Amino acid sequence: MAKTRKAQLNVRVDEGTVRAAREKALARGMSVNRYIEELVRQDTGEAGRTFVEAAADFMRQYEKVFAEEAGEGRR
């Protein structure tokens with residue numbers, strides 16, 4: 001198994017955010033670093049793709065309705 005290169009990232013957040021991150025990480029049985037890493041992966045990965053795919057599907061389904069409302073379907 002190949003090793004993943006790790007980089008260090010320092011961020012400044014308010015104490016409430018730190019407390020919330022620690023509590024959420026503890027509840028999930030992981031470190032704060034791992035918790036933040038998972039949040040970023042979710043935000044940039046599958047969740048983002050799922051949203052884009054759902055939005056594209058919605059637009060395909062309602063394309064004619066939007067065109068008619070904009071007057072393009074009244075020729």
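The model is predicted, so local features need pLDDT of at least 70 and side-chain atom pairs count only at pLDDT 80 or more, while totals for chains, interfaces and linings use all residues. Residues are numbered from 1 along each chain as its sequence is written, and side-chain values use heavy atoms, with hydrogens and water left out.

**Confidence**
- The protein chain averages a pLDDT (the predictor's confidence in each residue, from 0 to 100) of 85, and 88% of the residues score at least 70.

**The ends of H1**
- Asp-14 caps the N-terminal end of H1, with a side-chain oxygen 2.9 Å from the backbone nitrogen of Gly-16.
- Just past H1, Gly-29 has a positive phi of about 70°.

**H1 against H2**
- H1 (residues 15-28) and H2 (residues 32-44) pack at about 95°, their axes 9 Å apart (lines fitted to C-alpha atoms over the stretch in contact, with angles from 0 to 180 degrees between N-to-C directions).
- H1 brings Ala-21, Arg-22, Lys-24, Ala-25 and Arg-28 to the contact (heavy atoms within 4.5 Å), and H2 brings Val-32, Tyr-35 and Ile-36.

Note on methods
Helix = DSSP H or I, 4+ residues; strand = E, 2+ residues; numbered from the N terminus. Polar contact = N/O pair within 3.5 Å; in protein donor to acceptor, adjacent residues only side chain to side chain.
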